[in-house]
Amino acid sequence: MSPTIPSTQKAVVFETNGGPLEYKDIPVPKPKSNEILINVKYSGVCHTDLHAWKGDWPLDNKLPLVGGHEGAGVVVALGENVTGWNIGDYAGIKWLNGSCLNCEYCIQGAESSCAKADLSGFTHDGSFQQYATADATQAARIPKEVDLAEVAPILCAGITVYKALKTADLRIGQWVAISGAGGGLGSLAVQYAKALGLRVLGIDGGADKGEFVKSLGAEVYVDFTKTKDVVAEVQKATNGGPHGVINVSVSPHAINQSVQYARTLGKIVLVGLPSGAVVNSDVFWHVLKSIEIKGSYVGNREDSAEAIDLFARGLVKAPIKIIGLSELAKVYEQMEAGAIIGRYVVDTSK
């Protein structure tokens, strides 16, 4: 039997960029012919959600908007053309809600680069609501044995850092530096790197984050608040510099340091998106060291399935703190202050 679906639901909505985050009743959306309707139980909170609310990216988001793109829940309705999904399946809402599937980027698996990409919590109402629609092709399939609260951050943060590690193209036993290792993305990047057989050096600020990062498997922790020369310290700890760097930090200074401490032939992967930031690389040393600077966006359907599988097998844990959806504004305040360790997840029932 199909579950009873209410006509209204609780959600957090903002009418203007930077305006009030209103926790209120809104209509439950109806799935289009290619969509599924998900009863969102939990949603992770990502730094991208903060950018969407503030409107400080050079991209236009829809207004009014329900943010969120790490939603984990249960399928409660199917569009008329949907196949391969059943009522009661566990499903996830990702950043990439849909794409054309026919352009030159989609056909090579770079669906997130599609010019017609529909983005959850940005151009499509996202997961900070109790019921949300998702394109049936792009929605993530979640195994039934998985805890929905814990898997929520995997749907963006986990998939994103897993894809970044694949982009770095490192070999087992090589060093990878995670810049911003104590945050939501960084804490997952440390674990995915360990699962892939890499040696991990974490960079962040504060002794508490150091203990946290090492508990996740980092061999070395560099505290930028106490280390006078981060570049020298990183190179010393890795005997010449890491073979790869995953920049999840939103500090332009940290990103530019990574170009300096990377090993010869090293790969610097850019993930975090600080507003207006520019990467500076000395051309002479860039050429002589033959380093590579790469951007890595969110993963495709294959990356998503692999990242979820590693989580489901217990190789990655999501360090989360659960609060009510009604308290979302408090998370944004902590996020702006850089005070979050791990990842916040909101319970849509509270």
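User: Before we get to distances, where do the domain bounds come from, and how far apart do the C-alpha centres of domain 1 and domain 2 lie?
Analyst: Domain bounds here come from an automatic or database domain assignment. This is a predicted model, and its protein is split into domain 1 (8–155 + 299–347) and domain 2 (158–295). Between the C-alpha centres of the two domains the separation is 26 Å.

User: OK, how much area do domain 1 and domain 2 bury between them?
Analyst: Let's start with who touches whom: 26 residues of domain 1 are in contact with 21 residues of domain 2. Of the area buried between the domains, 63% is on carbon and sulfur atoms. The total comes to about 1900 Å².

User: Which residue does Lys166 meet in a salt bridge?
Analyst: Domain 1 and domain 2 have two salt bridges between them. For the Lys166 side chain, the N to O distance is 2.8 Å, which falls within the 4 Å cut-off for a salt bridge. The partner is Asp303.

User: And polar contacts? Which helix gives the largest share of the side of domain 1 that touches domain 2?
Analyst: The rule finds eight residue pairs in polar contact across this interface, both residues at pLDDT 80 or more. On the domain 1 side, α1 (47–54) and α9 (301–312) each supply at least two residues. The largest share is seven residues, and it comes from α9.

User: By class, how many residues on that side of domain 1 are nonpolar?
Analyst: Take the other classes to begin with: the side of domain 1 that touches domain 2 has six polar and seven charged residues. The nonpolar count there is 13.

Key
Residues numbered from 1 in each chain as written. Predicted model: local features only at pLDDT ≥ 70, side-chain atom pairs only at ≥ 80, totals over all residues. Heavy atoms only, no water. Contact = heavy atoms within 4.5 Å. Buried area = accessible area lost by both parts, 1.4 Å probe. Polar contact = N/O pair within 3.5 Å; in protein donor to acceptor, adjacent residues only side chain to side chain. Helix = DSSP H or I, 4+ residues; strand = E, 2+ residues; numbered from the N terminus. Nonpolar A, V, L, I, M, F, W, Y, C, P; charged D, E, K, R; others polar.
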